[in-house]
Amino acid sequence: AGKILRTHGGVIDRRSLTDEPSFSVKRQRIPEVKRRIGRAVAAQIDPGASVFVDAGTTCLEAGLALLARGGYTIYTNSLPLLYHAGEPEEGALASKLIAIGGEVRAISGAMVGAMALDWLNHLHFDYAVVGASALDEAHGPLTTELTEAAVKKLTVERARRSILAADSAKLTERADVQFASWSAFDCWTTDDGLSSRIEKRIHTGCRSLAFSRAE
């Protein structure tokens with residue numbers, strides 16, 4: 001009847017997938033906040049580091065900021081980042097940009113699946129910059145889809161330092177698939193909309209997590 005979608009190890013109700021907005025729609029939501037978060041993420045990353053940049057609109061801004069700075073080795077499963085990558089700014093060093101192969105999810109522009117996971121199992125990163133569709137203050141970041149969750153989870157595990165790049169409004173969004181706990185991340189870079197009450201609650205449950213607010 002076409003009402004469910006078969007996945008590895010289970011099925012998903014197709015109705016739960018219809019509310020996911022496209023990449024272009026997401027990019028139009030609070031674009032300046034995302035740009036500020038992206039720049040704040042890039043400022044935390046050491047020159048010359050190897051960095052995995054996740055698919056997603058906020059991570060795209062972080063990737064573009066890194067390309068503007070130059071001198072990095074950037075791995076990504078984001079088609080939009082590959083598409084937007086151009087020449088470095090005048091005076092900046094060029095960065096090496098490497099695509100993680102895989103099946104393309106048209107709605108998000110993310111490369112996912114067995115090929116992407118196989119690539120990742122052979123790689124290590126100094127940093128992983130990862131986004132989220134929603135945030136649960138008690139448990140951690142979530143996404144909408146199992147194959148994207150698998151890529152996010154593995155990149156965090158393969159990185160020396162992991163940065164969550166997500167605006168505070170994601171705390172009011174909904175998604176079904178948790179891909180990591182708060183303790184999987186070293187830092188959450190967000191905007192100034194995060195209340196001190198929620199920050200305190202998250203920090204109480206995960207004292208290793210640092211918070212960074214974009215200016």
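1. Surroundings of W182. W182 touches L135, D136, E137, A138, H139, G140, L164, W188, I202, C206 and L209, leaving aside residues up to four places away in sequence; contact here means heavy atoms within 4.5 Å. The model is a predicted one, in which local features need pLDDT of at least 70 and side-chain atom pairs count only at pLDDT 80 or more, while totals for chains, interfaces and linings use all residues. Residues are numbered from 1 along each chain as its sequence is written, and side-chain values use heavy atoms, with hydrogens and water left out.

2. The largest nonpolar core. W182 is also one of the residues that touch the most other members of the largest nonpolar core, which has 34 residues; the others are F52, L135, L164, F185, W188 and L209. A nonpolar core is a set of buried Ala, Val, Leu, Ile, Met, Phe, Trp, Tyr and Cys residues joined through side-chain atoms within 4.5 Å. Buried stands for under 20% relative accessible area, exposed for over 50%, and partly exposed for values in between (1.4 Å probe, protein chains only). At least two residues of this core come from each of β7 (110-112), α5 (114-120), β8 (125-130), α6 (146-157), β11 (159-165) and α7 (196-205). With four residues, α6 gives the most. Another core, of 24 residues, lies apart from it and has V41, V51, A62 and L81 among its members. In soluble globular proteins, nonpolar side chains tend to be buried together.

3. The overall fold. The chain contains seven helices and 14 strands; these are DSSP runs numbered from the N terminus, with helices being H or I of at least four residues and strands E of at least two. Buried residues make up 48% of the 215 in the chain. Of the contacts with a separation of 6 or more, 63% are between residues 24 or more positions apart.

4. Strand β8. Five of the six residues of β8 are buried, so this strand is largely enclosed by the rest of the structure. Strand β3 (residues 50-53) runs parallel to β8 and is joined to it by three bridges; V129 of β8 is the bridge partner of V53. Five bridges join β8 to β11, again in parallel, and F125 stands opposite A159 in β11. Two strands count as paired if DSSP finds at least two bridges between them.

5. Aromatic pairs. The model has four aromatic pairs, taken as rings of Phe, Tyr and Trp (its six-membered ring) with centres within 6.5 Å; planes under 30 degrees apart count as stacked, over 60 as edge-to-face and the rest as tilted. The pair of F52 and F125 is tilted, because the ring centres are 5.5 Å apart and the planes lie at 45°. This pair links distant parts of the chain, with F52 in strand β3 and F125 in strand β8, 73 residues apart. Both F52 and F125 are buried. Ring pairs link F52, Y75 and F125 into a cluster.

6. The three-stranded sheet. An open sheet has the order β9-β10-β12, with antiparallel pairing. Its edge strands, β9 (134-136) and β12 (177-178), each pair on one side only. Three bridges connect β9 with strand β10 (residues 140-143) in the antiparallel sense, and D136 stands opposite G140 in β10.

7. S78 lies in the loop between β4 (73-76) and α4 (79-84). Its relative accessibility is 1%, so S78 counts as buried. Leaving aside residues up to four places away in sequence, S78 touches D54, A55, G109 and M111. S78 and G109 are 31 residues apart in sequence, yet 6.0 Å apart in space, C-alpha to C-alpha. The side chain of S78 reaches the backbone nitrogen of L81 at 3.1 Å. T58 belongs to helix α3 (residues 57-69) and counts as buried because its relative accessibility is 4%. With residues up to four places away in sequence again left out, T58 touches K34, I37, G38 and A165.

8. Cysteines. The structure holds zero disulfides, a disulfide being a pair of cysteine sulfur atoms within 2.5 Å. C59 counts as buried because its relative accessibility is 1%; C206, at 5%, therefore also counts as buried.

Technical notes
Polar contact = N/O pair within 3.5 Å; in protein donor to acceptor, adjacent residues only side chain to side chain.
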